[in-house]
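The stops below are given in the order in which to select them.

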Amino acid sequence: MRAAAAVALGCLLVGCSGTDRVTEPLTSSPPVPTMSSGPATTAVEDPAIAIETPFVDGEVGSPVSVTGSADVVEAALTVRVLDGDGDELAAIVVDATCGDGCRGTFATELSYFVDRRQPGTIEVTGVGTDGDPALSSVPVVLVPP
């Protein structure tokens with residue numbers, strides 16, 4: 001192990017020559033989309049789902065009212081409240097008034113609890129009519145009761 005470390009350090013200091021040299025620039029792989037990677041710091045807008053309330057960076061208490069419109073498969077949506085660490089505080093499945101090729105509205109209220117004022121996220125997900133996951137979210141400020 002020490003010998004391998006010494007060789008590596010020596011190569012770094014004086015350079016090593018070898019036949020396995022990379023002659024082409026490296027390219028990065030495209031990012032892999034995820035459904036949720038923690039609290040949003042900016043709004044995420046998917047064409048299939050529009051969140052009308054709450055407003056970006058608005059203060060919300062419990063229960064929080066979430067409204068919007070969507071065109072998703074079977075009009076099915078999941079609405080979630082995430083805390084400052086991206087942990088789920090509340091979730092509910094709701095139906096839009098129309099789906100599968102027509103845009104419908106949705107409205108719900110979610111109750112949650114936080115013990116201190118903190119950043120959070122309201123997230124709405126579904127399956128777009130193209131079959132791909134759809135996600136829109138807004139950053140908010142969660143306030144305790």
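Which residues are linked in a network of salt bridges? They are R80, E88 and E123, where a salt bridge is a side-chain nitrogen of Lys or Arg within 4 Å of a carboxyl oxygen of Asp or Glu. Before selecting them, note that this is a predicted model, in which local features need pLDDT of at least 70 and side-chain atom pairs count only at pLDDT 80 or more, while totals for chains, interfaces and linings use all residues. Residues are numbered from 1 along each chain as its sequence is written, and side-chain values use heavy atoms, with hydrogens and water left out.

**Whole chain**

Show the protein chain as a cartoon. Helices (H or I, at least four residues) and strands (E, at least two) are DSSP runs, numbered from the N terminus. Switch to a surface: the protein chain exposes about 9200 Å², and carbon and sulfur atoms supply 56% of it (Shrake-Rupley method, 1.4 Å probe; for residues, only the protein chains shown count as cover). Of its 145 residues, 36% count as buried; buried means under 20% relative accessible area, exposed over 50%, and partly exposed in between (1.4 Å probe, protein chains only). Among contacts (heavy atoms within 4.5 Å) with a separation of 6 or more, 65% are between residues 24 or more positions apart.

**The five-stranded sheet**

Select β2, β8, β7, β4 and β5. In that order they form an open sheet with mixed pairing; two strands pair if DSSP finds at least two bridges between them. The edges are β2 (59-60) and β5 (88-95), each with a single partner strand, so one side of each has no neighbour in the sheet. Zoom in on β2 and β8 (residues 133-142): these strands run parallel and are joined by two bridges. V141 in β8 is the bridge partner of E59.

**E59 and R117**

R117 lies in the loop between β6 (104-110) and β7 (118-127) and E59 in strand β2, so the pair ties together parts that are 58 residues apart in sequence. E59 counts as exposed because its relative accessibility is 54%, whereas R117, at 49%, counts as partly exposed.

Now select R80, E88 and E123. The count of salt bridges comes to three. One of them joins E88 to R80 (2.9 Å, N to O), and another joins R80 to E123 (2.8 Å, N to O). The R80–E123 pair links distant parts of the chain, with R80 in strand β4 (residues 76-82) and E123 in strand β7, 43 residues apart.

**T108**

Finally, select T108 in strand β6. Is T108 buried or exposed? T108 is buried, with a relative accessible area of 10%.
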